[in-house]
Amino acid sequence: QVPLVESGGRFVQAGGSLRLSCAASGRTFTFSSYALGWFRQAPGKEREFVAAISWDGNNTYYGDSMKGRFTISRDNAKNTVYLQMISLKPEDTAVYFCAADFPGTLETSRATNFHEYDFWGQGTQVTVSS
């Protein structure tokens, strides 16, 4: 069973908005104890850090090109993390993945390294047309 399931990806015009969701599936891990992150990967490119959030939602961190356009949030009661994206650009086109990292405190050097994350979803495709 996949521990995280992303949804919300779709085709959108440049300048548009999307909200991605990522829900914990089953009882693989205690969602509220983990920091959550979003990464993306475009064809032929390396996986790129997008955003991360601490276990309690009080601390967040973003990749440079996402600051001011993307917002990460979480609802521990629903075991779900969100990524609100506005002012989308064609270069935002990628498969977006969510991931969970223990411990749940947010350390920026750790949050940006996808090797640190313990659980992953299968990804959701976001396509932004010009």
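Predicted model: local features only at pLDDT ≥ 70, side-chain atom pairs only at ≥ 80, totals over all residues.
The strands β7 and β8 form a hairpin with 4 residues between them, and N79, which lies in the turn, has a positive phi of about 50°. Of the 6 residues of β8, 5 are buried, so this strand is largely enclosed by the rest of the structure.

Strand β3 covers residues 18-24, and S21 is found within it. With a relative accessible area of 17%, S21 counts as buried because the cut-off for that class is under 20%. When its neighbours within four places in sequence are left aside, S21 is in contact with V5, E6 and S7, with W38, and with T80, V81 and Y82.

## The disulfide

How many disulfides does the model contain? The count comes to 1 disulfide, and it joins C22 to C98, with an S to S distance of 1.8 Å. The link of C22 and C98 is right-handed, with 45° about the S-S bond. Since C22 lies in strand β3 and C98 in strand β9, the pair ties together parts that are 76 residues apart in sequence.

## Salt bridges

Side chains of opposite charge can pair when their charged atoms come close. A search of the whole structure finds 6 salt bridges, among them one between D92 and R69, whose closest N and O atoms are 2.7 Å apart. D92 lies in the loop between β8 (80-85) and β9 (94-101), and R69 in the loop between β6 (60-62) and β7 (70-75), so the pair ties together parts that are 23 residues apart in sequence. Both D92 and R69 are buried.

Another salt bridge is formed by R40 and E48, where the closest N and O atoms are 2.8 Å apart. In this pair R40 counts as buried at 6% relative accessibility, whereas E48 is partly exposed, with a relative accessible area of 32%. R40 and E48 are linked with R69 and D92 in a network of salt bridges. A further salt bridge, between D101 and R110, has its closest N and O atoms 2.8 Å apart; here D101 is buried, with a relative accessible area of 2%, while R110 is partly exposed, with a relative accessible area of 21%.

## Aromatic pairs

A pair of aromatic rings is described by the distance of the centres and the angle of the planes. The count of aromatic pairs in the model comes to 12. The rings of F29 and Y34 have their centres 4.9 Å apart and their planes at 65°, so this pair is edge-to-face. F29 is buried, with a relative accessible area of 11%, and Y34 counts as buried at 12% relative accessibility.

F29 also takes part in a stacked pair with F119, at 4.7 Å centre to centre and with 10° between the planes. This second pair links distant parts of the chain, as F29 lies in the loop between β3 and β4 (35-41) and F119 in strand β10 (residues 119-120), 90 residues apart.

## A ring cluster and a charge over its rings

Which residues are linked into a cluster by ring pairs? The cluster is made up of F39, F49, Y61, F97, F114, Y117 and W120.

Technical notes
Residues numbered from 1 in each chain as written. Heavy atoms only, no water. Helix = DSSP H or I, 4+ residues; strand = E, 2+ residues; numbered from the N terminus. Buried < 20%, exposed > 50% of the residue type's maximum accessible area, 1.4 Å probe, protein only. Contact = heavy atoms within 4.5 Å. Salt bridge = Lys/Arg side-chain N within 4 Å of Asp/Glu carboxyl O. Disulfide = S-S within 2.5 Å. Pairing = 2+ DSSP bridges. Phe/Tyr/Trp six-rings, centres within 6.5 Å; stacked < 30°, edge-to-face > 60°.
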